Amino acid sequence: MDKFSKLIVLTEHGSRHSLTILAQSAGIDVEQQSKIDFLFGGKVRAGTLLACPYSNVDLNKKAISGELQYLLQKTPLFLYQAERSLVEPFHALSAGIRGVIFRDEQPERVMNALKTMMAGELYYARPVMSALLDLLLTQDLARRTEPLLLPEETSLTKQETRIVQLVAQGARNKEIAGNLNISAHTVKAHLSAIFRKTQCRNRVELLRWAQQPSPPPSS
């Protein structure tokens with residue numbers, strides 16, 4: 001993600017928050033608003049990062065609160081003043097929250113967190129990022145190895161069906177040719193026939209066609 005040019009710090013009260021003061025001392029273009037005013041405000045300009053004070057109902061293992069979902073739709077955000085015993089960083093990261101600043105963090109670490117996130121980076125401990133990467137890799141491996149269920153009503157041959165499976169796994173023509181022990185020219189010929197039979201113009205449309213749900217069996 002690109003760098004953020006503005007920080008908005010949401011607060012429950014009107015007095016200047018220490019996070020706002022730290023951001024100003026770091027040379028960040030920062031504005032403090034009450035959460036109520038922001039919730040009922042208009043659109044947010046591009047390049048804005050939101051600092052949202054943590055609430056006990058914001059985040060749990062099952063879901064995030066409706067209020068936090070609404071804020072995430074308006075602009076990217078991170079949580080601050082979070083309680084370590086109540087917030088699971090992995091769930092926050094999975095929900096799309098760009099970072100979590102805990103209540104007991106020292107000003108130097110908070111300053112570093114602000115600079116990191118304003119630069120467009122995520123602010124999480126390395127084990128959290130590693131756990132998410134492991135999960136994504138596992139999901140990707142499962143997607144690549146799981147057979148693709150093609151729509152039932154198709155005139156594709158077994159060879160053409162196999163080629164669609166390989167295309168869905170991200171294989172290019174040369175890789176498909178090597179996998180099936182055929183020439184790249186033959187792969188192109190098969191793809192032309194596949195596009196004609198499925199009425200697809202390219203690989204993207206072919207993947208959409210392949211991923212459409214099959215009609216339920218007639219009773």
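Q: On what basis are the residues numbered and the values computed?
A: Numbering runs from 1 along each chain as its sequence is written, and side-chain values use heavy atoms, leaving out hydrogens and water. The model is predicted: local features need pLDDT of at least 70, side-chain atom pairs count only at pLDDT 80 or more, and totals for chains, interfaces and linings use all residues.

Q: How many residues of strand E3 are buried?
A: Strands (E, at least two residues) and helices (H or I, at least four) are DSSP runs numbered from the N terminus. Buried means under 20% relative accessible area, exposed over 50%, and partly exposed in between (1.4 Å probe, protein chains only). In E3 (residues 48-53), 6 of the 6 residues are buried, so the strand is largely enclosed by the rest of the structure.

Q: Which strands pair with E3?
A: Pairing requires at least two DSSP bridges between two strands. E1 (residues 6-11) runs parallel to E3, joined by 4 bridges, with Ile8 opposite Leu50. E4 (residues 77-82) is also parallel to E3 over 4 bridges, and Pro53 faces Tyr80 there.

Q: Which residues touch the most other members of the largest nonpolar core?
A: Such a core is a set of buried Ala, Val, Leu, Ile, Met, Phe, Trp, Tyr and Cys residues joined through side-chain atoms within 4.5 Å. Among its 22 residues, they are Leu68 and Leu71.

Q: Where is Lys74 found?
A: Lys74 lies in helix H3 (residues 66-74).
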